[in-house]
Each structure stands twice: as structure tokens, then as C-alpha cells.
Amino acid sequence: SSDVCSSDLWNNDFKAITGLEAEAFAKLPLKRLEIAPGLGYRLLSNHVFMRQVTPSADNPQTVLPFQSSGIQSMLVPQLRMRVDFLKSMSMTLHARHSLMTRNDDDAFQVPDWLLNGQLAYKGFLFNRNLEAQIGFDVSWRSAWYAPGYDPVTQHYFVQTSERVNQWMTTDFFINGRIKKGRFFFKVHNIGQAANGGIGYLVIPGYPGLRTVMDFGFELVLFD
């Protein structure tokens, strides 16, 4: 690989990256409750990543590509769950726990836990003139050494000096369909407005999405 710009220069002859990824789930349907425990496995060798280096008089660059001579392997126990209740209500959950079983050259940094959930109503309103889905999406991630970002090369790099705190986001959404049209409305990260405007960092030095509204619609004017 090679890259040339006003501040950085590198030219490397890397070996081919090889990998293996597998995932399996066991579904247990129980009337209104569905549980699916699972396990994922990921294996990489000759992995190429960006990492920080100490600049010198001969080489002022601070971020360079590096190829690991070892392997990286990860186990990911998971749980997917869905429960339907009160006829039109549903709740879903997807929990992942990442376990690095081998991490040569510290090539990977991943959060230990990642949770995604949804609570939603789906049904008809206003004398069945409106089909709607209304609810909340919730995401939570444990603290971890998120990658840094080098704006000069526009690359992310592995770092272990600054830990990003755990954070949770909650989004409110409405999806609807009326005859020949459909629309959506979404408020991202509503928790920030209720938390005095305090946000979160996705990676060191870069804040995540603040409270913002999205909306749109689609209207079919012909058959």
C-alpha cells in the first residue's frame, strides 16, 4: 500500500490479509417470547492497521500503517430476544460481549459490551386510516479505547492512551403510512436534552450526534 500527501509518505509491500468469521444462533420460540442465544468467532492474520509512532527529526510522521506478524481472535457470546405483549407492543434486545482471546501487537481494541434495544407500538390508528410504528431505540456501549483519528491522512488509528467513557443514546421515532404516502419522524439522542446538554464522545476528541430531528415523506401521485 502507498500514500503520498504534503505531510505523510509511505510505501509498503504487505502480505495478503486472511480471516475467518463464523456465527451461529439457537432460536427458542415460546409463544410471544423468542430467545436466541448465539456465539460468534473471528480470526485474522496479517492484519494491517494504523498506529501511532514517535516522530523524529528524520521522520516527523505520527501515524503509520503496520502489519501484524501474529494473529487476532475474538469470541462474541450474544443474546437476541423479542417479546410481544398487549397485542400491538413489542420489545427487542441484542446483547454482545466481545472477548479477545488473542491480540498480537495490540492490533484490536473493542468495547466489552454492546447493547441495542427497541420498544415499539405497531398498529392502525384513526379508524385504520394510519398504519404506524411508534417507539424508542436504545443503544449502550461500555467504556473502551476507541480509535483515534488523524485528519492529515484521514485514517483511524489504534490507540491505548485515552479511554472513551461508556455512553447510551435513546432515539424516538414514528414511521407511518397513509393510503399512497408514507413518512418518518425521528429525534436522535433525546437523552442529551434531558441531561443538561451533556453529550458523549464517539472517539477521542470527537463528540457524537447531538439531539437533532429528522423527518421525511414519500407520496405516490400515480398508480
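The structure is a predicted model, in which local features need pLDDT of at least 70 and side-chain atom pairs count only at pLDDT 80 or more, while totals for chains, interfaces and linings use all residues. Residues are numbered from 1 along each chain as its sequence is written, and side-chain values use heavy atoms, with hydrogens and water left out.

The protein chain has one helix and 19 strands; these are DSSP runs numbered from the N terminus (helices H or I, at least four residues; strands E, at least two). The C-alpha trace spans about 75 × 45 × 40 Å along its principal axes. Its radius of gyration is 23 Å, whereas a compact globule of 223 residues would have one near 17 Å; the radius is taken over C-alpha atoms, and the globule rule is 2.2 Å times the number of residues to the power 0.38. Of the 223 residues, 29% count as buried, meaning under 20% relative accessible area with a 1.4 Å probe, protein chains only.

A cavity is a set of points on a 1 Å grid over the protein atoms alone where a 1.4 Å probe fits but cannot get out, and lining residues have an atom within 4 Å of a point. The largest cavity holds about 40 Å³ of space, the volume being that filled by probe spheres set on the points, which are joined across faces, edges and corners. Its lining consists of Arg-42, Leu-44, Gln-72, Ser-73, Met-74, Met-100 and Phe-108.

Terms used. On a 1 Å grid over the protein atoms alone, a cavity is a set of points where a 1.4 Å probe fits but cannot get out, and a pocket is an open set with protein on both sides within 12 Å along at least five of seven lines; lining residues have an atom within 4 Å of a point. Buried means under 20% relative accessible area, exposed over 50%, partly exposed in between (1.4 Å probe, protein chains only).
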